[in-house]
Amino acid sequence: MRLDGRRESTNVEDRRGRRGVGKASIGIGGLIIAGLVTWLLGGNPFDVLRNGGGNLLPGAADSSQEYVPTPEEEETKTFVSRILAGTEDVWTKVFADNGLTYVPPKLVVFSDAVQSGCGGASAETGPFYCPADRTVYIDLSFFRVMRERLGADGDFAFAYVVAHEVGHHVQNLLGTLDEAHARMSRLSQKEANAVSVRLELQADYYAGVWAHYDDAMFGSLEPGDLEEGINAAHQIGDDRLQMEAQGYVVPDAFNHGTSAQRMAWLYKGYRDGTLSGGDTFSLPDPEAPSY
């Protein structure tokens, strides 16, 4: 991606070296890669997905310690800050074009564990969005996991993760998140999972919308960037993760969408660049692109 000279967001808070723990309520955004990371670290991803959180670090106390980031971590933090700034510029424009006002989220960079408005979470939770405090939380080591253990490398693949979580913030501002959560509370687990899938696919679509406008406004995309994002979407599909973890798939347990669905909605968002095109609850799934 071409990001030289781009501004950094002022909505980034650095909590690295501070440890916040406790009861975790991940929120719908937090489940994007929670099961994936648990699987990569040797656990069962579906325990995380079924529980939706829990006491991730029992018995630990809040603490602070001096944190010395590596040059690579500082470079990644700058990258994330620039991507967040891009989402601010894009969504401010898209909301204004639709007669709405965009209020950007905060992004917290943490290490190991963090306390959010939704409860405590560890790095194994993966990046997540907490609607209670309108904040995205990211442990920067997650991008190393993507590169070294998942095969989802590239700056646009990393940007897709940030843009997806901001997509949940867009859902929160539009009221979609509250409506879906209220509906899910009245449904069986199987039916609630199906609603969760539509939420996650919509966040993927919104990530594509961001890419559409960021490229139009700043000329940010280079050859191969979009393919990096599509590959990342493929790698974190429910069917792929389940097959890797246990050798078979359980569609009723899907709550993020298949690889084909995630690739398709990300690409559709990039292609269409409209809010109306992202009604994943009513529109049929588009065809997945090749990559």
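Modeller: A residue is called buried when its relative accessible area is under 20%, exposed when it is over 50%, and partly exposed in between. The model is a predicted one. With those cut-offs, Asp272 counts as partly exposed, because its relative accessibility is 26%.

Asp272 belongs to helix α10, which covers residues 259-272. Its side chain forms a salt bridge with Lys268, and the closest N and O atoms of that pair are 2.7 Å apart. Asp272 and Lys268 lie 4 residues apart in α10, so about one helical turn separates them. An α-helix has 3.6 residues a turn, so residues three or four places apart point the same way. Lys268 has a relative accessibility of 11% and therefore counts as buried.

Asp272 also meets the side chain of Arg271 in a salt bridge, at 3.0 Å from N to O. Arg271 is partly exposed, with a relative accessibility of 46%. Side chains of opposite charge can pair when their charged atoms come close.

The search of the whole structure finds 14 salt bridges. Another of them joins the side chains of Glu72 and Arg147, at 3.1 Å from N to O. This pair links distant parts of the chain, since Glu72 sits in helix α3 and Arg147 in helix α4 (residues 141-150), 75 residues apart. Glu72 is partly exposed at 45% relative accessible area, and Arg147 is partly exposed at 28%. There is also a network of salt bridges that links Arg7, Glu88 and Asp89.

Helix α3, where Glu72 is found, spans residues 71-97 and lies across strands β1 and β6. The helix runs at about 155 degrees to β1. Both strands belong to an open sheet of 4 strands, in the order β1-β6-β10-β9 and with mixed pairing. Strands β1 (12-14) and β9 (128-130) stand at the edges with a single partner strand each, so one side of each has no neighbour in the sheet. On average, neighbouring strands of the sheet are turned by 25 degrees against each other, direction ignored. Strand β6 (residues 106-110) runs parallel to β10 (residues 135-139), and 5 bridges join them. In one of these strands, β10, Val136 is the bridge partner of Leu107.

Note on methods
Residues are numbered from 1 along each chain as its sequence is written. This is a predicted model: local features need pLDDT of at least 70, side-chain atom pairs count only at pLDDT 80 or more; totals for chains, interfaces and linings use all residues. Side-chain values use heavy atoms; hydrogens and water are left out. Two strands pair if DSSP finds at least two bridges between them. Helices (H or I, at least four residues) and strands (E, at least two) are DSSP runs, numbered from the N terminus. Axes are lines fitted to C-alpha atoms, for helices over the stretch in contact, and angles run from 0 to 180 degrees between N-to-C directions. Contact means heavy atoms within 4.5 Å. A salt bridge is a side-chain nitrogen of Lys or Arg within 4 Å of a carboxyl oxygen of Asp or Glu. Buried means under 20% relative accessible area, exposed over 50%, partly exposed in between (1.4 Å probe, protein chains only).
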